[in-house]
Amino acid sequence: MLRPEGKSAPETQAESLDAAGATRAAVTPAAAGADRLPFEPAAPEPAAPVDAAALARELERFYRRGQSDAPPTEGWPALLDPYRELTRVRHPYPLCLAEAGGPEPAVALTALIDRVIDELGGDGDAGERLRRHLYRLEAQLRVLSEERPGERLSALWQRAAAGLIAASKADKRGALEQNLAAARDALAIDGELTACGAAVPRRLFAATLAAWWPEHSARWRERFDPLIVGLENVLRADFDHSREGRSSDHLRGTVGEPADAEMDFDKMSDLLDRAHLAEPLPGARRQRIERTLATLRTLRPLFEPDALAPAGEAGLPFPLTALEDDCETAAASQRRRLAAMVDLARAARVAELEIANRYRPDVHDRRFEAFAVNDLSVEELNAGPPPVLLLTQAGLADGNAQALLKLLAGGRPLKVVLALDDLVGAEVSRAPPWEARLALLALGLNDVFVLQCPVSRPDLLASGFRTGLDYPGPALLVIYTGAGAHSRLPPYLDAAAAADCRAFPAFQFDPGAGATQAERIALLDPADPATWPREALRYRSADGAERELEVAFTPADFLYCDRRLSSAFAPLPAGCESPLPVAVDEFFELDAEQAALAIPALRVVAPGGELVRVAAS
């Protein structure tokens with residue numbers, strides 16, 4: 001569940017995007033409902049005695065047929081009620097997307113604030129004042145990131161700080177201004193501040209790719225650069241022993257003007273011609289070396305640290321820009337990439353032989369003429385930048401799903417980022433849409449790296465993206481954004497709720513992690529091993545007493561938040577004493593005979609704060 005995993009806001013320790021660090025939500029006391037508990041409404045005085053049999057028939061009719069005269073409620077699941085004021089909840093968003101090539105692809109705003117607090121330190125009243133000031137700034141930045149998407153942290157920081165200073169009392173303004181200025185100077189990172197939403201998967205993946213590529217490409221530059229230099233040296237040595245290289249004009253240009261008056265370059269050229277110090281390269285070998293060198297020079301820009309930057313594609317054999325919702329173009333781009341990797345590997349192997357003077361035309365010519373994709377090593381196949389396909393749920397549904405599965409089944413390097421925004425589907429009475437189950441379907445391909453993760457866990461996303469990029473083969477990265485149009489919850493809460501209720505569990509399937517399926521698959525967020533997570537719900541009973549009740553968070557709670565399913569839940573009358581409604585988690589534990597005499601129900605909090613029970617059809 002979204003229970004706090006740390007301390008309250010003034011005490012929360014640093015959060016980061018590494019797998020061990022990020023919390024899902026740390027709640028301030030005010031946001032946690034310390035001053036406002038949900039309350040049980042008093043049962044109205046009945047105008048006539050309650051007809052228990054009639055009530056049972058009405059509940060039975062609703063459960064079997066979905067027919068109810070009561071208007072649906074527009075509340076939130078009871079365990080999510082403390083999170084209604086999400087701007088007052090410390091959670092990993094917004095993210096600061098670091099500049100390209102930085103050590104961290106993204107850092108949570110909460111982590112940045114906590115790092116600054118740790119660096120500036122301070123004990124006693126001064127330290128406490130600093131923390132309060134920065135937590136107020138953090139709350140403002142969270143609001144501004146929603147209102148002004150795409151702006152940089154530095155710009156929003158300046159705007160938020162100016163607003164806080166202007167609104168502060170005159171006698172407190174100086175300390176506030178000083179603390180905010182010191183904190184701004186202590187910031188070690190800047191970049192786009194991104195709120196939780198539909199854009200996160202592609203932006204976080206792009207940031208992860210930009211941080212991963214310089215390290216990956218450095219290994220290949222270390223291999224290819226010496227080959228280029230080696231071939232250039234072979235050609236230079238051959239030229240130096242050629243007639244043109246021994247000419248007086250070339251010798252004069254090589255030695256330089258200061259020595260012109262003291263040396264007879266014509267005589268030197270004549271002596272070298274008669275000495276025959278080395279035979280020139282055979283024409284066929286020279287041409288082969290020149291072709292090989294040209295190939296290496298042409299493909300070398302692929303491995304520049306900034307090759308993936310928007311302006312880095314000029315003259316490259318295939319585009320490096322990620323493709324969007326276009327499986328056919330992705331397949332064509334992949335073919336062009338494979339052809340380039342074949343040319344590169346062939347050139348590298350020929351260069352190694354030529355530099356060592358071990359190339360034998362009668363042996364190697366035929367071998368390299370037939371050189372193809374199947375001759376590449378796994379490392380050579382994954383040398384260049386991987387093709388990236390960005391998919392949305394709508395784009396995938398309208399596109400060619402068979403083309404996507406064919407791409408994934410081909411075993412070639414391809415990174416597919418699929419952003420889901422709907423786990424229910426338009427036909428709510430049917431199974432979830434097939435796009436929402438694609439990650440599970442891909443497990444059957446066995447050699448595809450699969451990540452399924454909600455956007456509420458950017459730490460797991462960043463580490464999963466990195467592992468998927470390292471994997472030498474196709475990778476399918478499926479992210480639920482919670483940004484669909486049908487949920488009553490903000491994206492962060494919707495995505496977190498989907499994972500916590502087990503509707504969209506976070507898992508990773510890595511074919512290279514072991515020989516068995518059990519070794520290859522791992523749940524990424526097994527915070528609670530129980531079937532459903534359970535938490536204590538604090539509320540006020542109808543008599544005004546504060547009480548506590550343990551409540552499970554199930555898929556019914558998640559589905560209740562979907563506006564399309566409003567009619568599938570009917571509020572039970574206050575003070576309902578019918579034995580039919582039972583908690584959803586308890587309902588699933590009943591045997592068939594007991595279940596026939598029960599109706600699943602869950603607790604929700606109405607907009608006015610009333611704690612009510614609703615039955616599920």
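Q: How many helices and strands are there in the protein chain?
A: The protein chain of this predicted model has 21 helices and 19 strands. Of its 617 residues, 47% count as buried. Among contacts between residues at least 6 apart in sequence, 71% join residues at least 24 apart.

Q: What makes helix α17 (residues 491–500) largely enclosed by the rest of the structure?
A: Nine of the 10 residues of α17 are buried, so the helix is largely enclosed. A residue is called buried when its relative accessible area is under 20%. The residues that fall in this class are Y492, L493, D494, A495, A496, A497, A498, A499 and D500.

Q: What covers the buried residues of α17?
A: The cover includes the strands β2 (76–77), β10 (449–454) and β11 (475–480), together with helix α19 (555–560). Just after α17, R502 takes a positive phi of about 75°.

Q: Which residues make the contact of α2 with α3?
A: From α2 the contributors are L109, T110, I113, D114, V116, I117 and L120, and from α3 they are L130, R131, L134, Y135, E138, L141 and R142. By class, the residues of this contact comprise nine nonpolar, one polar and four charged.

Q: What makes helix α9 oblique to helix α10?
A: The axes of α9 (residues 283–299) and α10 (residues 327–355) come within 9 Å and cross at roughly 135°. This angle makes α9 oblique to α10, because a roughly antiparallel pair would need an angle over 145 degrees and a roughly perpendicular pair one of 65 to 115. The crossing of α9 and α10 is left-handed.

Q: Which residues of α9 and α10 meet?
A: On the α9 side they are R285, R288, I289, T292, T295, L296 and L299; on the α10 side they are A340, D343, L344, A347, A348, V350, A351 and E354. The contact of α9 with α10 has nine nonpolar, two polar and four charged residues.

Q: How do you know whether E380 is buried or exposed?
A: E380 is found in helix α12 (residues 378–381). At 7% relative accessibility, E380 counts as buried, because the cut-off is under 20%. Leaving aside residues up to four places away in sequence, E380 touches W220, R223, M341, A345, R349 and D375. E380 and W220 are 160 residues apart in sequence, with a C-alpha to C-alpha distance of 9.4 Å.

Q: Why are D325 and N357 called partly exposed?
A: Partly exposed covers the range between the limit for buried, under 20%, and that for exposed, over 50%. D325, with a relative accessible area of 33%, is therefore partly exposed, and N357, with 47%, is therefore partly exposed too. D325 lies in the loop between β7 (323–324) and α10, and N357 in the loop between α10 and α11 (361–369).

Q: What phi values do D325 and N357 take?
A: D325, a residue other than glycine, has a positive phi near 50°. N357 is not a glycine either, and its phi is positive at about 55°.

Q: Where is a cis peptide bond found?
A: A cis peptide bond joins Y93 and P94, with omega about 0°. P94 is in the loop between β3 (89–90) and β4 (95–98).

How values were computed
Residues are numbered from 1 along each chain as its sequence is written. This is a predicted model: local features need pLDDT of at least 70, side-chain atom pairs count only at pLDDT 80 or more; totals for chains, interfaces and linings use all residues. Side-chain values use heavy atoms; hydrogens and water are left out. Buried means under 20% relative accessible area, exposed over 50%, partly exposed in between (1.4 Å probe, protein chains only). Helices (H or I, at least four residues) and strands (E, at least two) are DSSP runs, numbered from the N terminus. Contact means heavy atoms within 4.5 Å. Axes are lines fitted to C-alpha atoms, for helices over the stretch in contact, and angles run from 0 to 180 degrees between N-to-C directions. Angles under 35 degrees count as roughly parallel, over 145 as roughly antiparallel, 65 to 115 as roughly perpendicular and the rest as oblique. A crossing is left-handed if the near helix is turned anticlockwise from the far one by less than a right angle, and right-handed if clockwise. Ala, Val, Leu, Ile, Met, Phe, Trp, Tyr, Cys and Pro count as nonpolar, Asp, Glu, Lys and Arg as charged, and the others, Gly among them, as polar.
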